[in-house]
Structures are given as structure tokens and as C-alpha cells.
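Please read this note beside the sequence and the structure, and keep both open while going through the points.

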Amino acid sequence: MLKRVHFGPSVLPFLLVGPQILITLIFFIWPASQALYQSVLIEDAFGLSSEFVWFDNFIELFEDVGYWESVGRTFFFSSLVAALSMSAALILAAMADRIIKVVLAYQTLLIWPYAVAPVVAGALWMFLFDPTLGIVAYTLDMFGYDWNHKLNGNEAMTLVVFAASWKMVSYNFLFFVAGMQSIPKSLIEAAAIDGAGPLRRFTSIIFPLLSPTTFFLLVMNVVYAFFDTFGIVHAVTKGGPARATEILVYKVYNDGFIGLDLGGSAAQSVILMMIVIALTVVQFRYVEKKVAY
Amino acid sequence: MAEIHLNKVCKSYGDVDVLFGIDWTIFDGEFVVIVGPSGCGKSTLLRTIAGLEKITQGEISIGNRVVNDLEPAERDIAMVFQNYALYPHMSVYDNMAYGLKIRGLEKDEIERRVNHAADTLEIRDYLDRSPRQLSGGQRQRVAMGRAIVREPSVFLFDEPLSNLDAKLRVQMRLEIKNLQQRLGITSVYVTHDQVEAMTLGHRLMVLNGGYVEQLGTPIELYEKPATEFVAGFIGSPSMNLLKAKISGDGTKAEFSDHNSLYLASALPSQANRQVTIGLRPEHLMVNKTSQANMSIKVNAVEHLGADTLAHGEFEGCDEIVTLRLHGIVMINQGDILPLEIDPDKVHIFDTETGKRLE
Ligand SMILES: Nc1ncnc2c1ncn2[C@@H]1O[C@H](COP(=O)(O)OP(=O)(O)O)[C@@H](O)[C@H]1O
Ligand SMILES: [Mg+2]
């Protein structure tokens with residue numbers, strides 16, 4: 001049997017782990033338990049009394065057409081964000097991989113969006129596209145296109161998709177570049193000798209070998225689009241016009257803080273929590289299995 | 001049909017010069033080996049032939065076609081990499097078929113070629129497997145198979161056996177040699193292993209620091225190394241290289257006061273100059289009866305079974321000499337062994353330039 005090394009009882013480990021545990025408790029465990037608790041209560045209009053109603057809030061939610069519309073919208077939004085930000089990042093990464101020397105300057109520039117807070121990113125895009133002030137809206141106007149995401153739901157959706165994708169491109173880019181650089185150079189050379197041109201090498205060698213990275217990023221992007229885009233939506237459209245951009249996280253806020261339906265809003269957060277747990281489980285399962293080859 | 005001409009090939013990476021004006025003609029169907037210590041530019045030279053590196057000066061032609069500006073795919077070559085470079089996400093079959101598919105061959109033809117190569121290399125049973133499921137030797141065969149199916153006019157090998165264990169290396173070495181003989185395809189083989197260098201090729205190039213030290217057949221290089229470097233590099237255990245001075249009349253090499261060696265032919269032009277004397281371990285003989293005027297004091301003995309290696313100090317100077325004696329010879333540490341040396345087997349090099357003197 002192996003002999004374990006024992007250190008005497010010490011407070012040091014507790015001190016080291018303490019802050020993290022505290023943060024988790026205050027910012028995650030406590031709000032989560034509150035949400036769980038709230039989701040089975042119904043509160044009167046003045047917030048004076050509440051009643052225990054089992055799963056009534058959930059049942060009500062599932063019977064609400066508006067909720068299902070938001071679910072559909074969220075899936076639509078996340079697929080677009082994941083597809084757009086990942087494909088943009090993949091193209092940029094493929095270019096960086098070919099011209100590795102300029103990569104440092106190029107990488108630094110590309111990382112910036114990730115460092116920007118969602119609300120700021122949202123505000124930036126809102127200003128660019130503002131129907132009266134925005135430079136992009138102005139340019140579109142010169143080409144005869146009357147851009148107004150404050151009235152047109154599709155345009156509003158387009159704008160939040162772009163703003164949300166833009167912020168994620170950096171993150172995806174870094175992972176794709178790292179993934180590409182870990183592919184042995186001799187594989188690419190062997191393919192070149194076998195007669196494959198750059199495009200063919202990319203589609204038949206590089207992309208398949210990136211599949212673990214791609215899968216990881218897919219989950220991360222979906223998680224991001226589901227949960228981290230609140231700030232963007234809030235800054236750009238506030239879920240409007242006419243709920244056209246009201247994705248699930250935004251609906252939680254709208255129903256809870258604007259509509260003051262705390263029970264319904266809490267039930268929605270519980271569902272979102274379960275989705276994120278499910279995605280995390282999928283993620284770990286596949287990371288262990290290493291995907292594809 | 002492919003001769004390879006290298007005409008004053010130079011290669012630099014920025015300020016770093018790696019190859020200095022390499023000239024060589026490799027004949028059609030020839031098997032040549034590029035050998036040299038690690039970092040001397042062997043891989044770089046091979047990669048310039050493959051087209052994976054652009055040369056900075058000079059000209060390379062393959063089969064009378066200047067290929068300087070051609071992509072690797074257009075040079076009609078196949079290469080076997082040190083780490084095999086098999087596509088990990090494809091089956092063995094697809095690995096071999098990849099290049100053929102890209103070249104747009106018919107499905108039947110691809111299948112015929114892959115199966116034929118698989119039979120030749122005895123990997124028919126593994127065609128459905130992924131490279132991950134193969135041993136090092138099997139991967140090596142797949143890498144060879146991928147090269148063969150293309151039926152190129154030139155094969156390039158970059159240390160293909162260096163990741164295999166010793167026994168497998170010997171076996172694969174023979175197989176590569178047989179295969180090349182059978183197919184008759186011009187082949188260039190890079191290695192740092194001097195046994196591979198001696199046994200595989202018709203001719204070899206010894207490269208050192210980006211310069212060609214010597215070109216020739218293995219036997220030429222063994223019998224008449226052109227430089228001190230080649231002398232030390234070719235042969236195992238390596239040649240004993242001893243500092244000496246040519247006597248005033250040019251007939252002897254003097255090691256110290258009481259050790260000297262008569263030369264096969266006098267070198268009056270080198271009188272009183274410093275030289276390096278090369279003596280192969282297998283050419284030093286122990287002769288207790290002769291009036292040998294040289295001897296060594298043994299300080300280590302290694303029994304290899306077929307041979308016995310004795311390492312000892314040359315009496316009168318502190319240079320270490322290795323002897324290779326045939327069979328099992330009982331020698332003890334501390335023994336004094338009188339030596340007999342055949343003057344014809346003595347190599348002399350100019351200490352300054354490293355060049356052979358005759
Ligand atoms: N891409 C490169 N950039 C700069 N120097 C390189 C590059 N590739 C090789 N070299 C240098 O060229 C020299 C020869 O390398 P290489 O041909 O790989 O040697 P060998 O195969 O004989 O061991 C080495 O000194 C190496 O550092
Ligand atoms: Mg090398």
C-alpha cells in the first residue's frame with residue numbers, strides 16, 4: 001500500500017479555498033435556491049403575501065404560447081450566433097494559421113471584443129445601427145435601405161445576432177488557432193504531397209481534426225447565447241420590438257422585474273438552470289470521449 | 001524515369017544559412033543516402049527536393065524538369081516522414097487512397113493499387129483499421145504503402161526507421177532495400193544512423209554543417225574517407241583519431257618519444273607538420289611476438305560475443321584507443337597489449353584542414 005503524506009491540521013487549505021466557496025455560495029447557491037423556492041410560490045400583486053402552489057407556475061408556463069415562442073426564438077438565436085461566430089472565427093483562424101508571423105498583432109486585435117462587457121458591446125452596435133444617429137444605418141440609407149431595428153423585428157434580431165456573435169468570435173478564434181497549431185505540420189505536408197490544395201487540405205484534414213475543438217466551442221457558444229447575451233439584448237433592443245428579440249434570459253427579466261410575475265420568472269430560471277446543467281453534462285461526456293476519431 | 005540534379009543548392013532561413021551550394025546528380029533508379037549528424041541540414045535538403053521548402057539559390061531538377069517553382073504535388077514525388085504523418089481520422093485504406101482520389105483515379109483502379117500495395121507490405125488485414133490501432137512497425141508500412149500506391153518517380157525518406165525498436169529497424173531496413181530494388185524507383189533516404197547509411201544505399205552523401213564532406217559508395221567512404229569528419233562518422237565503433245607529428249624525413253608519424261608508426265608511403269612535403277592519424281578499431285591487431293613498437297594499456301573491456309572491444313590508453317600519451325578483436329578474447333583491465341598495424345590501413349589527415357593526405 002502506498003503511504004500517504006500527512007501534513008498536520010492546518011487552516012491554510014481552508015483559507016485558500018474559502019473565498020471561492022464564499023463566492024459560489026453568495027452568487028450561485030443562494031440565488032439558485034431562492035429561484036427554486038420562488039418557483040413554487042405565487043405572490044399577490046402587492047408582494048405582501050405568497051402561497052405555496054406546487055408546480056402551478058411551471059404548468060402555467062408550459063401552457064403559455066408566448067413562452068414557447070420565446071423558446072423557439074432562443075433556439076433560432078443561439079443557432080445563428082453559434083454558426084456565425086464559429087464560422088467567422090474558423091475563417092480568421094485558418095488565415096492566421098497560414099501567416100503565422102503576423103499572428104501576434106492580428107491575434108491581439110481579435111481578442112479585444114472578448115474583453116468588452118456585453119452591455120458595452122451592445123451599446124456599440126446600437127450606436128452603429130441607430131436609425132437616426134448610426135453610421136451604418138446612415139450608409140444603408142444611402143443605398144436606399146431604410147434600416148430601423150426599433151420598428152422591424154427581423155432587423156432587431158439581425159442586430160442582436162451580429163452583436164452577440166461579434167463578441168464571441170475572439171474566444172472561438174483563440175481555440176481554433178490553438179487547435180490548428182496542435183495539428184502536426186507533417187500531416188499538412190503529407191497532404192500537400194498527396195496533391196491536396198489549401199482548400200482540400202482544410203476540408204479533408206484540418207477541419208476533421210478540429211472536431212473536438214469545434215464540439216467544445218459549439219457547446220460553449222450555445223451556453224453563451226442562452227445565458228450571457230442578456231446585456232446585449234438589454235442594451236440594443238430591450239427584447240423588442242413587440243418581443244421580437246425576447247429570448248429566454250430576457251423573458252426571465254421581463255416577466256419578473258417588469259411584469260412582476262416572480263413565480264413565473266423563477267420557474268423560467270429553474271428551467272434555464274436545468275438546460276445549462278444538461279449542456280455541461282453533455283460537454284463533459286464528450287470531452288472524455290474525445291469526439292469522432 | 002527520373003534523375004535528380006542538384007545544382008548549387010543553397011538554403012537560408014532569414015539570416016541562418018543551412019545549406020551551402022550542394023551539387024549532386026542522382027541517377028535514375030539509384031538509391032542514395034544522405035547522412036550526417038543531427039542539425040546538419042539533411043531534412044532541409046530532402047524537403048527542398050520535395051518542394052516543402054523553397055531554395056534560396058541554385059536549381060533542382062527532377063527528370064529533366066526544373067522544379068524550383070513547382071508545388072510538392074506537381075513534382076511527382078512521394079515522401080515517408082519520420083513520424084509517419086498518417087491521417088489519424090482515416091482508415092488505413094483511406095490513408096493510402098487519399099492521394100489517388102485527389103488525382104481523380106477510377107475507384108476500381110484505386111482499389112487495385114491499394115490492395116496490391118497492401119499485399120506487398122503485408123498489411124492487407126489492417127486496411128479497415130485506424131492508424132491508432134496499429135503498432136509502430138505497421139504504421140511504418142502504411143506510410144510506405146501510401147508512397148507506393150502513387151507510383152511516383154521519386155521516393156523521399158526522412159529518417160523513417162528512427163522511431164522503431166532495434167530489431168524492427170533491422171527488418172524494415174532490409175524490406176525497404178528489397179522494395180526499392182524491386183520497384184527501381186529513384187530514392188533519397190535521410191538518416192543519422194551510419195549503419196543504415198552503409199547498408200542501404202548505392203551511394204551516400206555525408207553532410208556536415210550544410211556542406212558536403214564526401215560523396216561516394218559506402219566502401220569508398222569506409223576505405224578512403226576524404227576528411228577527418230567522414231573518418232570519424234563512418235564505421236562503428238568509430239575510427240581512432242590520434243594527434244601526431246610527421247617526422248623530419250616524412251617516413252614516420254610520431255606520437256611521443258617512444259611510439260611511432262611507419263607510413264606506407266613517405267610524406268616529405270608534410271615533414272614536421274601536425275597531422276591526425278586515423279586507425280580503425282578493427283585494423284588494430286594484437287601481436288605479442290612481433291617487434292611492435294606501439295602498445296596500449298587496457299582500461300575497459302566489452303564482450304559483444306562476436307567481437308571483443310578493448311578500450312585503452314596509448315602508452316606515452318593520454319589518448320584513448322579502441323580495439324575491435326574478433327571473437328571472444330580474454331583480456332583484463334591493466335593488460336599491456338603490443339599492437340601491430342598494417343601501414344596500408346593507416347589514414348592521415350591534415351589537422352588544420354581536416355583533409356586526407358596521401
Ligand atoms: N523553419 C526553420 N527556421 C529556421 N531554422 C531552421 C528551420 N528548419 C530547420 N532549421 C535549422 O536548419 C538546420 C538544419 O535542420 P535540419 O535540416 O532539420 O537538420 P537535420 O535533419 O540534419 O537534423 C538546423 O540548425 C535547424 O535549426
Ligand atoms: Mg531531420
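1. Conventions. This is a predicted model, in which local features need pLDDT of at least 70 and side-chain atom pairs count only at pLDDT 80 or more, while totals for chains, interfaces and linings use all residues. Residues are numbered from 1 along each chain as its sequence is written, chains are lettered from A and ligands numbered from 1 in the order in which they are written, and side-chain values use heavy atoms, with hydrogens and water left out.

2. Overall make-up. Chain B has eight helices and 20 strands, where helices (H or I, at least four residues) and strands (E, at least two) are DSSP runs numbered from the N terminus. The C-alpha trace of chain B spans about 75 × 45 × 35 Å along its principal axes. Of the 358 residues in chain B, 52% are buried, a term that stands for under 20% relative accessible area, with exposed meaning over 50% and partly exposed in between (1.4 Å probe, protein chains only).

3. An enclosed strand. Strand S3 (residues 31–35) of chain B is largely enclosed by the rest of the structure, because five of its five residues are buried. In a regular strand the side chains alternate between the two faces of the sheet. In S3(B), B:Phe31, B:Val33 and B:Val35 point one way, whereas B:Val32 and B:Ile34 point the other way.

4. Partners of that strand. Two strands count as paired if DSSP finds at least two bridges between them. S3(B) runs parallel to strand S8 (residues 186–191) of chain B, with five bridges, and parallel to strand S9 (residues 203–208) of chain B, with four bridges. B:Ile34 has a bridge partner in each of these strands: B:Val190 in S8(B) and B:Met205 in S9(B).

5. An open sheet. Five strands of chain B form an open sheet in the order S13-S12-S11-S14-S20, with antiparallel pairing. Strand S13 (260–262) and strand S20 (347–350) of chain B each have a single partner strand and stand at the edges, so one side of each lacks a neighbour in the sheet. Between S13(B) and strand S12 (residues 252–254) of chain B there are three bridges in the antiparallel sense, and B:Lys252 stands opposite B:Tyr262 in S13(B).

6. Distances to ligand 1. Oxygen atoms of ligand 1 lie 2.6 Å from a polar backbone atom of B:Gly39, 3.2 Å from a backbone N or O atom of B:Cys40 and 2.5 Å from an N or O atom in the side chain of B:Thr44.

7. A loop residue. Where does B:Ala226 lie? B:Ala226 is in the loop between helix H7 (218–223) and helix H8 (228–233) of chain B, and it counts as partly exposed because its relative accessibility is 27%. Its C-alpha atom is separated by 37 Å from that of B:Gly136, which is 90 residues apart along the chain.

Note on methods: A polar contact is a pair of N or O atoms within 3.5 Å; within protein, one must be able to donate a hydrogen and the other to accept it, and residues adjacent in sequence count only if both atoms are side-chain atoms.
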